[in-house]
Amino acid sequence: MIGLFCVGAIFLLLYYILFLNHNYFVKRGVPHHKAVPILAWNDDDLAAQCTVFLFAGFETVATLTSFMAHELAINSTVQAKLRAEVDATGAKLNGRRPTYEIIQEMTYLDMVVTETLRKWPPVPFLDRRCTKPYLLEDLDGSSVQLQPGDSIWIPTTAIMRNPKYFPQPEKFDPERFSVENRGTIDPNAFISFGVGPRNCIGSRFALMETKTTFFYLLSRFTIESGPKTQHPLEIKTSSITMQAKNGFWVRFRKRS
């Protein structure tokens, strides 16, 4: 049922983009009766967009949940605080299913997910295409002249592990993203979903999936490390996405 809902939502989104909002495929500022399409879409393009949305979304969410489960297993204090919030929310629901609005109110859950994305971004780089000449200069005086059409890779992991932006970057610390501390963070330094008009179209979907998954998990289980749990994690260097070299090993202990 959830899968059918997701597929339906994707097709509705694409229908809106392609057929209801002409700004996406005609030049802005041109009257509608004089508009000339700048992009022709066919059934293959439509199917390709849906496929990318599904596969890119599910693979990255699986990676995010794996790293978050690992961090909760080895950071028992963080897990205990998050479990307390889950229990308080569950008591408020009184047997009802959580809604989107209820999940959004769980501030510490959001802090934990955001810190996981900061420390372990599922995609360790962003790719962009240069649209105008730009001189990229470094502090040591070196420079690179970019030209329109050049492909650029932006290292998300390196930026979000930079102590200039995130002190003690190797430490898993959800308090970085508390209401009090968020204002001190450079918004261009947290780029797990990209930044600007071309950021990830599925970010809200991914966050909703992850938060709901851990709401149900922690309401029923505690997550513990086991004999196969590797810490610190060794990252698989042959993967284009962030993956643990030896996989993820945690224990789920049923709560009484």
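1. A residue is called buried when its relative accessible area is under 20%, exposed when over 50%, and partly exposed in between (1.4 Å probe, protein chains only). Phenylalanine 67 has 0% relative accessibility and therefore counts as buried. Tryptophan 120, at 7% relative accessibility, counts as buried too.

2. The model is predicted, so local features need pLDDT of at least 70 and side-chain atom pairs count only at pLDDT 80 or more, whereas totals for chains, interfaces and linings use all residues. Residues are numbered from 1 along each chain as its sequence is written, and side-chain values use heavy atoms, with hydrogens and water left out.

3. A pair of aromatic rings is described by the distance of the centres and the angle of the planes. Here, rings of Phe, Tyr and Trp (its six-membered ring) pair if their centres lie within 6.5 Å; planes under 30 degrees apart count as stacked, over 60 as edge-to-face and the rest as tilted. The count by this rule is 8 aromatic pairs. Phenylalanine 67 and tryptophan 120 form a stacked pair, 4.7 Å centre to centre with 15° between the planes. Phenylalanine 67 belongs to helix α2 (residues 43–74) and tryptophan 120 to the loop between α5 (107–119) and β1 (126–129), 53 residues apart. Helices (H or I, at least four residues) and strands (E, at least two) are DSSP runs, numbered from the N terminus. Ring pairs also join Phe67, Trp120 and Phe248 into a cluster.

4. A charge sits over a ring if NZ of Lys or CZ of Arg is within 6 Å of the ring centre and within 35 degrees of the ring normal. Arginine 118 lies over the face of phenylalanine 166, at 5.6 Å from the ring centre. Likewise, the charged end of lysine 254 sits over the ring of phenylalanine 221, 5.8 Å from its centre.

5. Lysine 211 is placed in helix α7. Its relative accessibility is 4%, so lysine 211 counts as buried. Leaving aside neighbours within four places in sequence, lysine 211 is in contact (heavy atoms within 4.5 Å) with Ile103, Gln104, Leu109, Asp110 and Val113.

6. Helix α7 (residues 203–220) also meets helix α3 (residues 76–93): their axes come within 9 Å and cross at roughly 95°. Axes are lines fitted to C-alpha atoms, for helices over the stretch in contact, and angles run from 0 to 180 degrees between N-to-C directions. Among the residues that meet are Leu82 and Val86 in α3 and Phe215 and Leu218 in α7.
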